[in-house]
Each structure stands twice: as C-alpha cells, then as structure tokens.
Amino acid sequence: MEPSLYSAMATSIAEPPVVRVREDGIRILRLRGPADAEPWRAAFAGAYQAIWSEPPYDERFFPDEAEGILLRAVRLPDHVTLLAVRESGIVAGFGIAYPVQAKSDVARDIRGLLPVEDTFYFAELGVLESYRRSGLGQELVQLRLDLMDKARYHHVLLRTSASRNASYEMYLRLGFEDTGVYMEVKSRKNDGSQRTDRRLFLSRVVGKDG
Ligand SMILES: CC(C)(COP(=O)(O)OP(=O)(O)OC[C@H]1O[C@@H](n2cnc3c(N)ncnc32)[C@H](O)[C@@H]1OP(=O)(O)O)[C@@H](O)C(=O)NCCC(=O)NCCS
C-alpha cells in the first residue's frame, strides 16, 4: 500500500527536468532549486521518515526536519538533488549530494583523509521498501556520479551504517572503497531517546570520465 502522505499535492506547477524514465514508470527528477522542490516537500518528507525509521538506523524525523533537509540541499552550490517519483505523486526514492564543505561535522572528521575542497558528499540515499531490489538505488548513485561537477570535485565521500548493510554491498559494487574510518552520529531514535551509532566512511575517486 502507498500511504497518501507520500503523495505530492501539487501537480500543476512546472515540473523539474526528468533525467530518466524507467521501464516501471518511475521518473527520476533533478530538482534545481527551491521552486522545483516546493511541490515535493511533503512527499519527500514522508519517504524520508519511513526509510530512516527502519533498522539499523531506527531514526525519528519530524516532517519539518525532513522537509528542511530537502530545502537546504537545493540551495547549496553545485548540489545534485534527485527524486524518483511515481505518476501518483509518490516519492519512491531520493539521492542528494553536495560539496562536503556544506557538511561541517563530516568535513572536520575527514581532514587528513581527503582534500576537503575537492570532495563531494553523497549525503542522502533512500528507496522505499516496496521499490527496492529493482536497481533504483544503484541508478540514484550512478546519476549523482554522472551529474556532479567532475572538473571541480575529484573525490566522493559518503557514510553508511557500520553494520555493513545493503548499501555497503551496493557501494562496493559501484567502485567505492571502505576507508576504515568511522564517525559517531547522534540522532533521535524511534522511541524518542537520543543515541549514538557508528557510521563508516566510503570513498571513491572520480575522473572526468566517471
Ligand atoms: C540501500 C538502498 C538505497 C538500496 O536500494 P535498492 O533500490 O534496493 O538498490 P538496488 O536495487 O539498486 O540494488 C543494488 C545492489 O545493492 C545490493 N543490495 C541491495 N539490497 C540488498 C540487500 N537487502 N542485501 C544484499 N545486497 C543488497 C545488491 O548488490 C544489489 O544488486 P542486485 O540486486 O543486482 O544484487 C535501500 O536498501 C535503502 O533505501 N536502504 C535504507 C536506507 C539506506 O541504507 N541508505 C543508504 C545509506 S548510505
């Protein structure tokens, strides 16, 4: 079942560029800025909350926090913000990336590991459970690699759960390497408590040809 919370309310506003149409009808949109993001705020927040509430993350986000993540990303320089959407207005997945300098705690922790000015950060990736294992996650990674400014950024960094879950396997298959560097991340859990868990950094060198 697709909860109505995930559905975008507005359909009359000019749509952002479609970067891919999949055989299953899912379209991948590239949001250029706040105007493109506006109709998708609630649908994005619904997907975001659902995905991060699952193990191993078990995180609770309030709708305004989730919307804030999208609205901040689309204002950052050089960002690549992708939404995988259904005709019905459901957001089935998302991929967000921007310069690591815009993520100050991560930028601080990776000094010495990677050149900060040269590093692009894959900040958010998620696919709703009912759309998984059909290649969507991989496409959202590959499209971010294709669309990022590779003349300017030569490294890609991301963090994933230290429990080495599905995303770990996926990123290794896509040429990312385990840096062996961890970071403790504090977050609000489903039960309302604040807890800390370990994330692992993965990185990849990118050239002009990908
Ligand atoms: C990680 C995630 C985005 C993958 O999305 P997806 O659409 O299922 O990914 P794909 O279908 O493109 O799978 C790509 C590859 O990843 C690996 N993979 C994906 N799910 C897996 C699983 N449950 N177990 C093992 N490997 C898995 C496989 O190698 C898979 O390729 P295959 O299907 O050809 O074997 C999705 O599981 C998700 O949203 N998880 C919760 C949020 C999260 O962990 N985000 C990433 C944080 S960095």
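Q: What makes a residue buried, exposed or partly exposed?
A: A residue is buried if 20 or more other C-beta atoms lie within 10 Å of its own, exposed if 12 or fewer, and partly exposed in between. The model to which this cut-off is applied here is a predicted one.

Q: Why is Arg 164 called partly exposed?
A: Arg 164 has 13 other C-beta atoms within 10 Å, and because this count lies between the limit of 12 or fewer for exposed and that of 20 or more for buried, the residue is partly exposed. Its place is in the loop between strand 6 and helix 6.

Q: What is the peptide bond from Pro 55 to Pro 56, cis or trans, and how do you know?
A: Omega of the bond from Pro 55 to Pro 56 is near 0 degrees, and the bond is cis. Most peptide bonds are trans. Pro 56 is found in the loop between helix 2 and helix 3.

Q: Why is Arg 133 placed in its exposure class, and where is it found?
A: Arg 133, found in the loop between strand 5 and helix 5, has 9 other C-beta atoms within 10 Å, and because 12 or fewer is the limit, Arg 133 is exposed. From Arg 133 to Ala 166 the C-alpha distance is 10.0 Å, although the two are 33 residues apart in sequence.

Q: How do you know that strand 5 is mostly covered?
A: Nine of the nine residues of strand 5 are buried. Phe 120, which lies in strand 5, shows how the count is applied: it has 27 other C-beta atoms within 10 Å, and since the cut-off is 20 or more, Phe 120 is buried. Leaving out residues up to four places away in sequence, Phe 120 touches Ala 97, Pro 99, Val 100, Met 148, Tyr 153 and Val 156. For Ala 97, 23 residues away along the chain, the C-alpha separation from Phe 120 is 7.0 Å.

Q: What makes strand 4 and strand 6 partners of strand 5, and in which sense does each pair run?
A: Two strands pair if there are at least two bridges between them. Strand 4 (residues 91–99) and strand 5 have seven bridges in the antiparallel sense, while strand 5 and strand 6 are joined by three and run parallel. Both counts therefore meet the cut-off. Among the bridge partners are Gly 93 with Val 127 in strand 5, and Thr 119 with His 155 in strand 6.

Q: Which elements make a right-handed β-α-β unit?
A: This unit is made of strand 5, helix 5 and strand 6. Val 141, whose place is in helix 5, has 25 C-beta neighbours inside 10 Å, and because 20 or more is the cut-off, Val 141 is buried. Val 141 touches Gly 95, Leu 125 and Leu 174, not counting residues up to four places away in sequence.

Q: What surrounds the ligand, and which element gives the largest share?
A: The ligand is surrounded by 19 residues, and the closest are Arg 132, Gly 137, Gln 138, Ala 166 and Met 170. Strand 5, helix 5, strand 6 and helix 6 each give two or more residues to this shell, and helix 6 gives the largest share, five residues. By type the shell divides into seven nonpolar, eight polar and four charged residues.

Conventions. Residues numbered from 1 in each chain as written. Predicted model: local features only at pLDDT ≥ 70, side-chain atom pairs only at ≥ 80, totals over all residues. Near = placed C-beta within 6 Å. Helix = DSSP H or I, 4+ residues; strand = E, 2+ residues; numbered from the N terminus. Nonpolar A, V, L, I, M, F, W, Y, C, P; charged D, E, K, R; others polar. Right-handed = clockwise from strand over helix to strand, strands pointing away. Contact = placed C-beta atoms within 7 Å.
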